[in-house]
Amino acid sequence: MSTILSVENLNVAYGSIHAVKGVSFDVNEGEIVTLIGANGAGKSTTLNTIAGLLRGKSGSVTFMGEDLGKIPPHKIVSRGMALVPEGRRVFLQMSVQENLEMGAYTKGGAGVPADLEMVYDLFPRLKERRRQVAGTLSGGEQQMLAMGRALMSHPKLLMLDEPSMGLAPILVEQIFEIIQNLHKAGSTILLVEQNAQAALSIADRGYVLETGKIVTTGPSGELLASAAIKKAYLGG
Amino acid sequence: MATKLKRMAPSTRSSFLTYGMVIAAYVVMQAMLSGGLLTSSLKGMLVPICAYVVMAVSLNLTVGIMGELSLGHAGFMSVGAFTAVIAAAALQNTVSNGPLRLVMSMAVGGVFAGLVSLIVVVPVLRLRGDYLAIVTLAFGEIIKNIINCVYVGMDGTGLHFSMKDAASLGMAADGKVLLQGPMGAVGIQKLSTLTAGFLLIMLTLAVVLNFIHSRAGRAVMALRDNRIAAESVGISPTRYKMMAFVTSAVLAGLAGGLYAMNFSSILAKKFDFNTSILILVFVVLGGMGNIRCSIIAAAALTVLPELLRQFADYRMLVYAIVLILVMIFTNNPAYKAFFARFRFRRKTAGKETA
């Protein structure tokens, strides 16, 4: 297994607020790695910095052997990284299919119909609603759409920012099942979650963030069993 | 023909409807013009209507498609108008064909408006919302004030520029002043015609409608809908916003050229904040992003003050009331439901054929 993404001593600040303090972690090919932690721990900030939407103060992000430090976000996509941003950011005024087509923006070309089929196979619900305007979808459907859109670019690394946020438990289950299916099909996934239990139950490894620092790391099974983690995040 | 229409993508069908509407309006106006059925005041408004339609469509690209409020669109019109007037005068001896000279000088106006927009585009890429509106408003005022102090003259040796007065242009005896600061441009040869206006509208529609339905247009709309999502699928905000904004400015410059060459003299004051707002009203009334209706709004609201002349002093009051009533009624749920019914039927019909 080779390392696909490696974050070294990353520091990110919003003005004087130091949100991420020296975070380092790796993601290997074919893994699901999860970053868990409470509100404000710096999970989303870390993810957005990897995707280039934010700039780190110091530290490095290396993706497939290339330093991403100076590359603008729209170019990072074509290097094989896709981010599903927090809060189901879909294009509300476009139809479902148009949203998916936007996902293939950097690629374009002849592969799009086949990729659409691939996404529709994963999310049959989206196929039913492909002509519907995205703003009329339910929260869970919008999350599926955001994930499907990211998959359209055939990412080597898929990054999901809180896919379970604000969804009904049954939908959370569905979304996590889909993430597992993607993993089985060979995708590499970096998952940021507040729902630690659900995230750890499907991930290979986990990192626990607390106020901008990684406090614990290990295989998910160990983290799930650890008394400290249980107390802090799993409610008992 | 009918089956062909059905097979077209809805967006293509909608574009053809827009072109058709403009062509039909042109044919009717041309027929009435040659039949002598138009009053002289309406006749004089044909070219301004065309210019305002182009302004409305081009501003719709910024406001409706890109989703940024611009309050300085008249500034680009102004740049286009005055550069076109100067170009037309400079070309008078070399290009004798009137329509050709009109096209060439309008093109010069468009190019200059585009160049100026490259300066304005710097804040456009960095600001959003109210802040951008303020910057564009200031831009319109700056352009107006700059043109108010510029003197341009032409003699046998070429063009002369001054920021002081007409005397300091230092022209030879055969010199002619083209632009006299606050007195505006004078002695303009009237080259604009209804046909030129019609062709400019068609060109504008071709550019704007194709842009909207192109890859770049999709990207601009994606940025408008959700900037973060757009960046996360790999769209460069800088590139596409710049493309939309500069295109819009070039079209405004062309419209300015057309507008100016319909009059014998023109003042920089004509292209002030009120004109920018007027154009914005066309766009808002027609619906942001709705090209066809902004054409109708531009034409109707240009004619309306003329038709309201009989109300004399109460003209602007009635104008405002008409505007408010239109906005209230088109926002009425019952009205929307009525039109949504047609849209629904069209959508299901599309599904059956697909």
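This is a predicted model: local features need pLDDT of at least 70, side-chain atom pairs count only at pLDDT 80 or more; totals for chains, interfaces and linings use all residues.
**View 1. The open antiparallel sheet of chain A.** Four strands make up this open sheet, in the order β2-β1-β4-β5 of chain A, and their pairing is antiparallel. Because β2 (17–28) and β5 (66–67) of chain A each have a single partner strand, they stand at the edges, and one side of each is left without a neighbour in the sheet. Strand β4 (residues 58–63) of chain A pairs with β5(A) in the antiparallel sense over two bridges, and within this pairing Thr62(A) has Asp67(A) of β5(A) as its bridge partner.

**View 2. Helix α1 of chain A against the strands.** Helix α1 (residues 43–50) of chain A lies across β1 (3–14), β2 and β4 of chain A, and it runs at about 115 degrees to β1(A). Eight of the eight residues of α1(A) are buried, so this helix is largely enclosed by the rest of the structure. The buried residues are Lys43(A), Ser44(A), Thr45(A), Thr46(A), Leu47(A), Asn48(A), Thr49(A) and Ile50(A). Just after the helix, Gly52(A) adopts a positive phi of about 90 degrees.

**View 3. Strand β8 of chain A and its two parallel partners.** Strand β8 (residues 188–193) of chain A has six of its six residues buried, and it is therefore largely enclosed by the rest of the structure. Both of its faces are covered, with Thr188(A), Leu190(A) and Val192(A) buried on one side and Ile189(A), Leu191(A) and Glu193(A) buried on the other. Strand β3 (residues 32–37) of chain A runs parallel to β8(A) and is joined to it by five bridges, with Thr34(A) standing opposite Leu191(A). Strand β7 (residues 157–161) of chain A likewise pairs with β8(A) in the parallel sense over five bridges, and here the bridge partner of Asp161(A) is Val192(A).

**View 4. The contact between chains A and B.** In this contact, 21 residues of chain A meet 13 residues of chain B. On the side of chain A that touches chain B, the elements giving two or more residues are α2 (73–78) and α3 (96–103) of chain A, and the largest share, four residues, comes from α2(A). Divided by class, this side of chain A has 12 nonpolar, six polar and three charged residues.

**View 5. Helices α2 and α7 of chain B.** Helix α2 (residues 10–34) of chain B packs with helix α7 (residues 194–212) of chain B at an angle of about 175 degrees, their axes lying 11 Å apart, which means that α2(B) is roughly antiparallel to α7(B). On the α2(B) side the contact is made by Ser15(B), Thr18(B), Tyr19(B), Val22(B), Tyr26(B), Met29(B), Gln30(B) and Leu33(B), and on the α7(B) side by Leu194(B), Phe198(B), Ile201(B), Met202(B), Leu205(B) and Leu209(B). The residues of this contact comprise 11 nonpolar, three polar and no charged.

View 6. Strand β1 (residues 151–155) of chain B runs antiparallel to β2(B), to which it is joined by five bridges, and the bridge partner of Gly153(B) in β2(B) is His160(B).

View 7. Leaving aside neighbours within four places in sequence, Ala56(B) is in contact with residues including Ile279(B), Phe282(B), Val283(B) and Ala298(B). Ala299(B), found in helix α12 (residues 291–307) of chain B, is partly exposed, with 19 other C-beta atoms within 10 Å. With its neighbours within four places in sequence left aside, Ala299(B) is in contact with Ile49(B) and Val53(B).

Technical notes:
Residues are numbered from 1 along each chain as its sequence is written. Chains are lettered from A and ligands numbered from 1 in the order in which they are written. Axes are lines fitted to C-alpha atoms, for helices over the stretch in contact, and angles run from 0 to 180 degrees between N-to-C directions. Angles under 35 degrees count as roughly parallel, over 145 as roughly antiparallel, 65 to 115 as roughly perpendicular and the rest as oblique. Two residues are in contact if their C-beta atoms, placed from the backbone, lie within 7 Å. Ala, Val, Leu, Ile, Met, Phe, Trp, Tyr, Cys and Pro count as nonpolar, Asp, Glu, Lys and Arg as charged, and the others, Gly among them, as polar. A residue is buried if 20 or more other C-beta atoms lie within 10 Å of its own, exposed if 12 or fewer, and partly exposed in between; C-beta atoms are placed from the backbone. Two strands pair if DSSP finds at least two bridges between them.
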